[in-house]
Amino acid sequence: MTATPEPDRRLAPAAKPVWRLQQLAGWAPAVIAGLLVAGQLEGLAAAAARWLPLAGLLAATAVVPELRWRRWRWDVRPEAIDIRQGAFTIRRTLVPMERVQHVDTTRGVLEQSFNLATVVVHTAAGSHTIPLLALRDADLVRDHIAELARTADGS
Amino acid sequence: MGPDARRLHPAGILVYALQTLREAAFPLIAVFLVGILGSGLDEGALARGALFATIGAVVAAVGGYVRWSTTSYRLTEDGIHHRRGVISIKETDVPLSRIQALDVEQGPVQRAFGVQALHVQTGGGGAGGEIVLDAVGPGEVRRLRDVLGERRPEAALQAPAPEVARRLSRSGLVATALTAGQIGVLLPVLAAGGQLLQTVVGERGERGEEAIRLLPDSASEWAVAAAVLLGLAWLLSIAGAVVAFAGFTASRAGDRLRIRRGLLARREATIPVERVRAVEVIEGLLRRPFGLAALRIEVIGHAKEPTAAQTLFPLLRRAEVRAFLDELLPELADDLDGLAAPPRRALRRYVLPWAVAGLPLLALTPWALLLSLLGAAYGALRYRAAGWRLAGGRLAVRSLVFARTTVLAPAANRESHSLSANVLQRRAGLADVSVAFGKTTRARVRHLEAPTARRLWENVNGGH
């Protein structure tokens, strides 16, 4: 039995700044809360409350987007959609083409600013995404998947 | 109303009247109760009560008639058209090709008049139909079935296909009800209790102080109060199970499964077997010690819709599950035992997260140690329950959350599957495999040896 080939297509490089901004937005409340709490505490506890969330934010913004982008791979084959993702937990998912019910592209605020789009594939059990592709690539991938799904004799 | 459009059977007036009454009852009763709290139960209150009841009945009757007279349906060239609504009109068109089945349901009103509520099903059959005709006479049901083209074995010209059926006995129903243990009922009971408490305690003046005096003021009294509430919730869950599962019958004829159940409202659902994606054998906390289990199926509906889960059979002996499935669902039947377990070294990964989770609480109380021990025991139970097998294209995966659940399905029925490993797992050479069969049915086995997990993942795909 031949092993399933590894996917090799990547996301748009602009995905990294988008993720950095998202990390910033995610850690900001923790940093603010830490600064507020630090005012109430003394000594070591205060220093910890003040600097730990900040350290976390810096580490996350520097490390996570880069690691995630390097590991994100995807591919669309006639028989399945192959997705390999994750920074710390790596997950490899296969979606059989005949299970694809429909596919859309979506663009949030950040995606619109960086000229990117996310492809969302819907199955009866839920949806799978290939995020932050260049806008034109996303449209091409969406149409390609739609065509393959149509001919895959869906049930 | 145009030509060919039909109204529902007149029994529908009563059905809608009762619905309106149910909607209006709560506010009316609330107003009545507030009146009692204010001035006590006296003649005036009784007279007011009678007045409210009369107003309620009249409003319900009028509302029921209006709803009945503005609801209509007609058969079009390619399907069925449904129209209802007084102020905002809702029109629904369902093309023939989308119709999965015509399920019927009989509430007490429908049964009294010998009519049925017809659900035009386009989805997996879990929820109500896309179009519901609340009161349809038997002749009309037959006509609709003929025209909307549902192939029923009884209507075939040749001899009808043999039908295999399994019925839930009365003792089975009792056992189901007693072991159902629906925690979900507890929440509304607690909420209602809380509301009552709030309104009574919030009352100013003498009444309020009297009520506060009634509140339990020692730990033992609170424990008694909690026990009473739990007992109430359990009684409600028993009643709910009886109403839902009385007369449960699952049968198989040709390529369709038929499931009938219900005490007050009789429901009948028809499911094409090819749409059943997976079977789950669920051994709940109260059932496992007795070797009992419930069967649930994940059914896919029309394209573009999510799957829906349904009860295939509410209670049977675990040892009989294989025979049951061989009779009614041989396409998915498989053995429950003989599953491969995760490696021994995975045990600590099942146990540690649960044991450690409670430790931060040690700062507050030494009782946190007990919590950790319980967590460790739970983790160990999860390890023991975990198991998998992929043979002849058929997948069997067992896991434990609250109930011990075994998923049986052909690997080809999956919606997607994945192989995952976090940093620690990668370092230790372990991985998880997860297969999704539907919105609620996911088979997941954790902490397998990495090569084993990879091979399983490849083989699930290989069969296609």
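A: Let us begin with a definition: a salt bridge is a side-chain nitrogen of Lys or Arg within 4 Å of a carboxyl oxygen of Asp or Glu. Please keep in mind throughout that this is a predicted model. Here the side chains of Glu415(B) and Arg99(A) meet in a salt bridge, with an N to O distance of 4.0 Å.

Q: How many salt bridges does the rule find across the interface of chain A and chain B, and how many residue pairs are in polar contact?

A: The rule finds two salt bridges between chain A and chain B. The count of residue pairs in polar contact is 14, with both residues at pLDDT 80 or more.

Q: Which elements give two or more residues to the side of chain A that touches chain B?

A: They are β3 (90-96) and β6 of chain A. The largest share of that side comes from β3(A), with seven residues. By residue class, the side of chain A that touches chain B divides into 10 nonpolar, 10 polar and seven charged residues.

Q: How is the size of an interface expressed?

A: It is often given as the accessible area lost when the parts come together. In this model chain A and chain B bury about 2300 Å² between them, and 46% of that area is on carbon and sulfur atoms. Three residues, Arg99(A), Ala124(A) and Ala125(A), supply 25% of the area that chain A buries against chain B, more than any other three residues. In terms of residues, the contact takes 27 from chain A and 32 from chain B.

Q: Which residues touch the most other members of the largest nonpolar core?

A: That core has 34 residues, and those touching the most other members are Leu257(B), Leu295(B), Ile297(B), Leu312(B), Phe324(B), Leu325(B) and Leu329(B). The elements of chain B that give two or more residues to this core include the helices α5 (170-179), α8 (219-245) and α9 (321-328), as well as the strands β10 (256-261), β12 (276-283), β13 (292-299) and β14 (308-317). Leaving aside neighbours within four places in sequence, Leu295(B) is in contact with residues including Val279(B), Val281(B), Leu312(B), Phe313(B), Phe324(B) and Leu325(B). Apart from this core lies another, of 27 residues, among them Trp19(A), Ile81(A), Val119(A) and Val121(A).

Q: Is Lys16(A) buried or exposed?

A: The cut-off for burial is under 20% relative accessible area. Lys16(A) has a relative accessible area of 17% and is therefore buried. This residue is found in helix α1 (residues 15-40) of chain A. Beyond its neighbours within four places in sequence, Lys16(A) is in contact with Pro65(A), Glu66(A) and Trp69(A).

Q: Where does the backbone show a positive phi in a residue other than glycine?

A: One case is Leu132(A), whose phi is near 50 degrees; Leu132(A) lies in strand β6 (residues 126-134) of chain A. Because its relative accessibility is 5%, Leu132(A) counts as buried. Another case is His447(B), with phi near 60 degrees, in strand β20 (residues 442-449) of chain B. His447(B) also counts as buried, at 6% relative accessibility.

Methods:
Residues are numbered from 1 along each chain as its sequence is written. Chains are lettered from A and ligands numbered from 1 in the order in which they are written. This is a predicted model: local features need pLDDT of at least 70, side-chain atom pairs count only at pLDDT 80 or more; totals for chains, interfaces and linings use all residues. Side-chain values use heavy atoms; hydrogens and water are left out. Helices (H or I, at least four residues) and strands (E, at least two) are DSSP runs, numbered from the N terminus. Buried means under 20% relative accessible area, exposed over 50%, partly exposed in between (1.4 Å probe, protein chains only). A nonpolar core is a set of buried Ala, Val, Leu, Ile, Met, Phe, Trp, Tyr and Cys residues joined through side-chain atoms within 4.5 Å. Contact means heavy atoms within 4.5 Å. Buried area is the accessible area (1.4 Å probe) that two parts lose on being put together, summed over both. A polar contact is a pair of N or O atoms within 3.5 Å; within protein, one must be able to donate a hydrogen and the other to accept it, and residues adjacent in sequence count only if both atoms are side-chain atoms. Ala, Val, Leu, Ile, Met, Phe, Trp, Tyr, Cys and Pro count as nonpolar, Asp, Glu, Lys and Arg as charged, and the others, Gly among them, as polar.
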